[in-house]
Amino acid sequence: MPPVTFLLIDCHAHLTHPQFSSDRGQVLAQARQRGVGAVVVVGEDEADNQAVLAGPGPGENQPAWLPFLGLHPDRWADTRHTPQGPQALPPAENLEEQLARVEAQIRENRHRIAGVGEVGLDRWVCQQQAPRQAQAQALIRLAALAKALDLPLNVHSRSAGRVTLELLREHQARRVLMHAFDGKAGHALEGARAGYLFSIPPSVLRSPQKENLVRALPLESLLLETDSPVLGPDPRGRNEPANLPLVVEAVARLKGIPPGEVAERTTATARAWLGWAG
Ligand SMILES: [Zn+2]
């Protein structure tokens, strides 16, 4: 494979996760060595957003750290899935207050952040009507805030692909990235026609559903992500931004085009989505 000459952009990663607390600098340096020029680091709640804002810490030759602040839909979870079957969880508390504080964090840090996320809907861990409605209200509010501030939006949708796309379109959300979309390729294609982007994680190497997504969507609708520390090539291993070139190779194979073209086009699309000239 010829060398990748365009720096890649990892459009969704959780680098504040405790799994990176001992070697974050090394993980970033390794990603930079493998051609990753920037990483979108998404926040999951108020405390995590603070860690995202604090940045990567010391280290040399690191990719750019692009902070996104959000409130993850799994905070409304009413169900935990275990090998023995689903278990009911107690109702989440004080999320309405936290949502207001996250909105304030986003406004206050408007000029320090690159976007809004992680936000979205998760019907796998949210099975009841009331928490699902609260998730949807939070998504509507955070998508409206992103639009008002002209920031890109980083969206999670699990067992909720079609309903998330419909909600975003109904509320005329803009600059939308659907990350690790697990829905039908046909629904994704409708989203792509509405201008939404879809980021592909390294789990494409072991997921026929993600392969279908890559085949169905035009190259200009595709971005790269790792969702580190999860969705790696091996489901048991820690995923890292250094795995991003694996996605380039998989997309190139599925599309029948050179890896360099995938790298160049996805980076151009990511820069336009981010409004990022760095
Ligand atoms: Zn995520």
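Student: Which residue is the bridge partner of M178 in β9?

Tutor: This is a predicted model, in which local features need pLDDT of at least 70, side-chain atom pairs count only at pLDDT 80 or more, and totals for chains, interfaces and linings use all residues. Residues are numbered from 1 along each chain as its sequence is written. Strands of a sheet pair through backbone hydrogen bonds, either parallel or antiparallel. Here, the partner of M178 is F198. Strands (E, at least two residues) and helices (H or I, at least four) are DSSP runs, numbered from the N terminus. Two strands pair if DSSP finds at least two bridges between them; β8 (residues 176-179) and β9 (residues 197-200) have three, in the parallel sense.

Student: In what order do the eight strands of the open sheet lie?

Tutor: The order is β1-β2-β3-β6-β7-β8-β9-β10, with parallel pairing. Strands β1 (8-13) and β10 (222-224) are at the edges with a single partner strand each, so one side of each lacks a neighbour in the sheet.

Student: Which residues does A252 contact, leaving aside neighbours within four places in sequence?

Tutor: Contact requires C-beta atoms, placed from the backbone, within 7 Å. On that basis, A252 contacts I257, P258, P259 and V262.

Technical notes
Two residues are in contact if their C-beta atoms, placed from the backbone, lie within 7 Å.
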